[in-house]
Each structure stands twice: as C-alpha cells, then as structure tokens.
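Please look at the sequence and the 3D structure below before you read on. The report that follows takes up pairs of elements one after another.

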Amino acid sequence: MGEVAAVVDGKNQKRFETADDQIAQALQSCALFEGMGPEAMNTLVRGASLRDVPKGGILFLQDDESYEVYVVVSGRIRLYRMSPDGAEKTLAVHGDYEVFGDLAAIDGLARSAVAESMTDSAVVEIQRDAFITCLQGSWDLSERFMKKLARMLRETDESLDLLAFASAKARVSSTLARNSDQCGRVMGLTHRDIAAMASTSRETVSRVIGDLVDSGLVAVDDEGYSIIDMEGLMELSSL
C-alpha cells in the first residue's frame with residue numbers, strides 16, 4: 001500500500017506507509033490507549049478504519065443504533081442533543097486524539113446525541129467488538145476507561161451544581177475553561193454553543209465574554225477565544 005498523508009497536531013503533516021500505521025499513531029496519541037501492549041494495539045488497529053468527515057458531516061444521529069468508538073485525528077466534532085421541536089443543546093466539542101461514542105459500545109443502547117463535524121475532520125472508527133475485546137483483556141485500559149467515566153460523572157455533578165447555584169458569569173467562565181486546549185485556546189464554539197452548554201442566552205454570553213475581555217481574562221480573535229488568565233477564570237467559575 002502506498003503512503004498515506006495525515007494531519008497531525010492540527011497543522012503539521014506526516015507521512016505514513018499504510019493506513020494501519022496512521023491508525024496506530026492516532027491511537028497511541030490518545031490518552032485512553034497510550035502505552036497499550038502490541039497485542040491489544042493490533043486488535044484495535046485490525047478492528048478500526050480511517051474516515052474523512054467533511055464540515056457538517058454526521059457520524060451518527062441521536063437514537064441511532066450504532067456502537068462504534070471514535071478517536072479524533074484532526075478537526076473538531078460536536079456532540080449535541082435535539083429536542084422534539086428541533087432545538088439543539090451542545091454537550092461537548094472533541095478535538096485531536098479525544099475519544100467519543102464509547103458509551104454506546106459499552107451498554108449497547110442507542111446513541112444519546114448527534115455527532116457532527118464542525119470542520120473538515122478525520123477520525124478513527126473502532127468496531128465495538130475490538131474495543132470490548134481490548135477492555136476485557138487489558139486491566140490498564142479498563143482502569144483508564146473507568147476513570148474516564150468517573151470524570152464524566154464528576155463533570156456532570158459540577159454542571160448541575162453550577163446550573164442550580166452559580167451565576168451566568170460563573171457558568172460561561174466554566175464552559176470556556178472546560179473547552180479550552182492545553183494552550184488555553186477555545187476554538188469552534190459560537191455564542192449559541194456556549195449558551196447551550198452554560199444554560200443561558202446568547203445575549204448573556206455576549207455580555208459575559210465582553211466583561212471577561214475587559215477584565216483581561218480572555219482575548220477574542222477571528223479563530224475563537226484565548227484564555228489569558230486561567231486561574232482568574234477558574235476563580236470566577238467556582239461556586
């Protein structure tokens with residue numbers, strides 16, 4: 001098989017001999033799968049494929065009966081729920097080497113959200129059987145997965161506390177902090193997305209972000225937001 005080009009770290013390109021090499025590199029870069037033994041990694045790679053997803057492309061719909069697990073290679077994938085009247089609530093935005101879609105693989109139930117590509121993206125799609133086989137055969141992977149689920153539950157508890165007790169400013173600040181990358185960048189989220197995640201209005205988001213910019217905590221540019229003072233933003237987001 002000829003060389004396969006891949007986007008790595010969002011911008012830089014690297015050449016791979018085969019698609020399997022590209023899949024293995026993406027999985028090894030993912031916190032959930034890094035350090036896995038060669039046998040388990042080969043199981044995952046054999047049960048995985050690469051998918052290019054154009055901007056606006058849908059990987060799965062809410063209530064779909066599909067059970068694949070996904071790892072983002074490049075781009076950004078938004079997960080959101082839809083109400084019966086068509087309103088959308090953004091749940092999360094996933095970037096490079098983050099995992100999503102794993103809950104359906106575990107419980108075998110229908111998808112709880114829509115997965116839509118916010119940019120031209122590439123993902124690794126892992127078949128459920130390969131994922132479950134590796135979970136059953138690797139205590140390290142099972143432990144990491146349980147810690148991931150525990151973190152999700154804690155974040156849900158914190159979100160409920162913020163919704164019940166915190167101001168809109170605290171909720172918006174928390175949303176920005178939780179969706180920033182290691183460099184403090186928040187990209188691809190509109191005011192509508194932030195409003196849905198913070199359970200407030202777009203007008204309130206605009207006002208709060210304006211206040212955060214005036215306070216020197218956040219900067220805004222054409223690509224999104226930059227958190228200038230993460231500690232200060234976290235203080236605002238605390239109850």
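## Basis of the model

This is a predicted model, in which local features need pLDDT of at least 70 and side-chain atom pairs count only at pLDDT 80 or more, while totals for chains, interfaces and linings use all residues. Residues are numbered from 1 along each chain as its sequence is written, and side-chain values use heavy atoms, with hydrogens and water left out.

Helices (H or I, at least four residues) and strands (E, at least two) are DSSP runs, numbered from the N terminus.

## The sheet of E11, E13 and E12

An open sheet is formed by 3 strands in the order E11-E13-E12, with antiparallel pairing; two strands count as paired if DSSP finds at least two bridges between them. Strand E11 (185-187) and strand E12 (218-221) are the edge strands, each of which pairs on one side only. Direction ignored, neighbouring strands of this sheet are turned by 20° against each other on average.

E11 pairs with strand E13 (residues 224-227) over 3 bridges in the antiparallel sense, and the bridge partner of Arg-185 in E13 is Ser-226. E12 and E13 also run antiparallel and are joined by 4 bridges, and they form a hairpin with 2 residues between them.

Two packed helices are described by the angle between their axes and the distance between the axes. Here the axes are lines fitted to C-alpha atoms, for helices over the stretch in contact, and angles run from 0 to 180 degrees between N-to-C directions. Angles under 35 degrees count as roughly parallel, over 145 as roughly antiparallel, 65 to 115 as roughly perpendicular and the rest as oblique.

The axes of helix H6 (residues 168-178) and helix H7 (residues 191-198) come within 9 Å and cross at roughly 110°, so H6 and H7 are roughly perpendicular to each other. In their contact (heavy atoms within 4.5 Å), Arg-171, Val-172, Thr-175, Leu-176 and Arg-178 of H6 meet Ile-194, Met-197 and Ala-198 of H7. With helix H8 (residues 202-214), H7 has axes that come within 8 Å and cross at roughly 100°, which makes H7 roughly perpendicular to H8. On the H7 side this contact is made by His-191, Arg-192, Ile-194 and Ala-195, and on the H8 side by Arg-202, Val-205, Ser-206 and Ile-209.

The side chains of Arg-192 and Glu-88 meet in a salt bridge, at 3.7 Å from N to O. Arg-192 lies in helix H7 and Glu-88 in strand E7 (residues 88-94), so the pair ties together parts that are 104 residues apart in sequence.

## Helices H2 and H4

Helix H2 (residues 38-46) and helix H4 (residues 128-137) pack with their axes 8 Å apart, at an angle of about 165°, and H2 and H4 are therefore roughly antiparallel to each other. Their contact is made by Ala-40, Thr-43 and Leu-44 of H2 together with Ala-130, Phe-131, Thr-133 and Cys-134 of H4.

Note on methods
A salt bridge is a side-chain nitrogen of Lys or Arg within 4 Å of a carboxyl oxygen of Asp or Glu.
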